Amino acid sequence: MQESFKVLGLSFKDTPINIRERLALDEAHVKQLLKYISEYSTASDVLILSTCNRTEIYYACNSNQALVILQGIALIKGLDLTTIQGYFKSENNHHEAVKHLFRVAMGLDAQVVGDLQISNQVKRAYQWSADEDTAGPFLHRLMHTIFFTNKRVVQETAFRDGAASVSYAAKELAEDITKDIKDPKILILGLGEIGKDVCRNLVDSKFAEVNIINRTEAKAIELAQECNFNVIPFNQVFQAIQNADVIISSVAANEPFITKALVSKLEILSFKFFIDLSVPRSVEMEIEDTPGALVYNIDNIQSKTSEALQKRIDAIPEVENIISEAIVDFNNWSKEMMVSPTIKKLKNALEDIRKEEMARYLKNADSKEAKVIDKVTKSMMQKIMKLPVLQLKAACQRGEAETLIDVLNDLFDLEKQSSEIKK
């Protein structure tokens with residue numbers, strides 16, 4: 001198996017939010033892009049991960065398919081190719097691309113280290129690849145190795161202890177900015193994954209009142225019952241914003257939901273804080289032109305040195321060791337995949353010899369004798385196969401598999417046998 005895994009992407013580390021929001025891909029966009037890549041490129045094992053912090057396309061191919069993929073993104077998002085090209089970076093080194101996906105999936109590269117959201121987002125991306133039939137044996141094995149590694153991280157380290165996440169950082173920010181407000185009131189707009197987590201983090205908080213608004217009111221009612229919060233109908237959103245001290249928005253929309261025009265109609269007697277966790281953004285930055293209105297977007301939310309977060313930071317070396325062990329195991333499997341076709345061809349060659357000799361010498365044997373000899377010769381073949389298989393796998397670990405494959409091909413004329421089977 002050739003080492004050909006690559007990643008093309010951008011992240012919060014070097015791409016501003018105004019660009020990330022234009023290049024964010026929802027489920028429909030992801031599935032469109034997966035189909036486009038399948039049709040117009042030679043890439044396989046394609047995984048597309050798009051979150052508020054990153055848009056990354058992982059794929060396997062001997063050649064660089066970045067241009068085709070970017071053309072697909074530009075077409076699907078209605079953007080100019082030359083406008084977006086400069087933001088995406090390619091990592092064409094197989095080992096570095098595999099390592100990067102491990103680090104992303106574990107939360108080591110998250111904006112808030114160890115963010116719990118990323119695990120679910122990676123699983124969802126993998127499900128979409130499976131739905132569109134773009135996940136081959138390599139990606140299936142890689143993702144299941146990642147999921148098992150994540151389980152080890154949870155069980156063996158403190159990296160996922162506590163509640164250090166984007167939603168938790170939003171809760172801490174809300175507490176900081178309202179520390180001088182008596183009985184502060186919070187409004188949660190939108191109940192996507194982050195919105196739900198914000199609500200759960202606000203349970204038992206110091207806030208006097210927490211209200212929830214969601215377009216689908218049934219979701220709001222269900223979560224409000226769980227968290228003991230209040231539900232406000234969506235048609236009363238303006239009054240709810242008027243009454244709140246802090247508005248935490250994770251509304252999914254293609255354009256801002258809270259606009260300068262809307263906020264200019266509010267009566268703001270002191271300060272009103274808007275925390276925007278959406279990508280694309282759901283709160284216009286221009287609302288800060290209105291006296292008393294302040295906006296914090298997802299790039300403003302910084303990791304706080306809380307006890308939970310510090311535990312995660314301290315656990316990073318342990319996580320990196322677990323990842324390294326997992327990558328070694330995965331690479332060993334990848335190497336063994338290279339020799340699997342040769343093992344299969346060798347087994348078929350020996351089986352053909354066995355059957356030919358059985359047919360030659362058992363013409364006059366009765367069924368009982370034939371059964372015994374069949375059993376004995378199968379056992380002999382398995383024992384003969386054992387050493388070459390072990391040697392092939394050992395050669396994989398030494399990086400010498402190709403030499404041994406050539407020897408076996410010559411000894412048993414495996415290439416000829418393979419071509420005859422195809423006929």
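A: Start with the elements: helices (H or I, at least four residues) and strands (E, at least two) are DSSP runs, numbered from the N terminus. The model here is predicted, so local features need pLDDT of at least 70 and side-chain atom pairs count only at pLDDT 80 or more, while totals for chains, interfaces and linings use all residues. Residues are numbered from 1 along each chain as its sequence is written, and side-chain values use heavy atoms, with hydrogens and water left out.

Q: Which element gives the largest share of the lining of the largest pocket?

A: Rolling a probe the size of a water molecule over the atoms shows where empty space is left. A pocket is an open set of points on a 1 Å grid over the protein atoms alone, where a 1.4 Å probe fits, with protein on both sides within 12 Å along at least five of seven lines; lining residues have an atom within 4 Å of a point. In the largest pocket, α6 supplies the largest share of the lining, 5 residues. Helix α6 spans 117–131, and α2 (27–40), β2 (44–50) and α9 (193–202) also supply at least two residues each.

Q: How many residues line the largest pocket, and which lie nearest its centre?

A: The lining has 41 residues, with Asp26, Gly192, Ser250, Ala252 and Val279 nearest the centre. A volume is the space filled by probe spheres set on the grid points, which are joined across faces, edges and corners; for this pocket that is about 1100 Å³.

Q: What surrounds the second largest pocket?

A: Its lining has 18 residues, and Val7, Glu56, Lys89, Glu91 and His100 lie nearest its centre. Strand β1 gives the largest share, 5 residues. The space comes to about 330 Å³.

Q: Is Leu8 buried or exposed?

A: Buried means under 20% relative accessible area, exposed over 50%, partly exposed in between (1.4 Å probe, protein chains only). Leu8 counts as buried because its relative accessibility is 1%. Leu8 lies in strand β1 (residues 5–11). Tyr58 is 50 residues from Leu8 in sequence, yet the two are 6.5 Å apart in space, C-alpha to C-alpha.

Q: Which residues does Lys171 touch?

A: Contact means heavy atoms within 4.5 Å. Not counting residues up to four places away in sequence, Lys171 touches Asn201, Leu202 and Phe207. Lys171 sits in helix α8 (residues 166–177) and counts as buried, at 12% relative accessibility.
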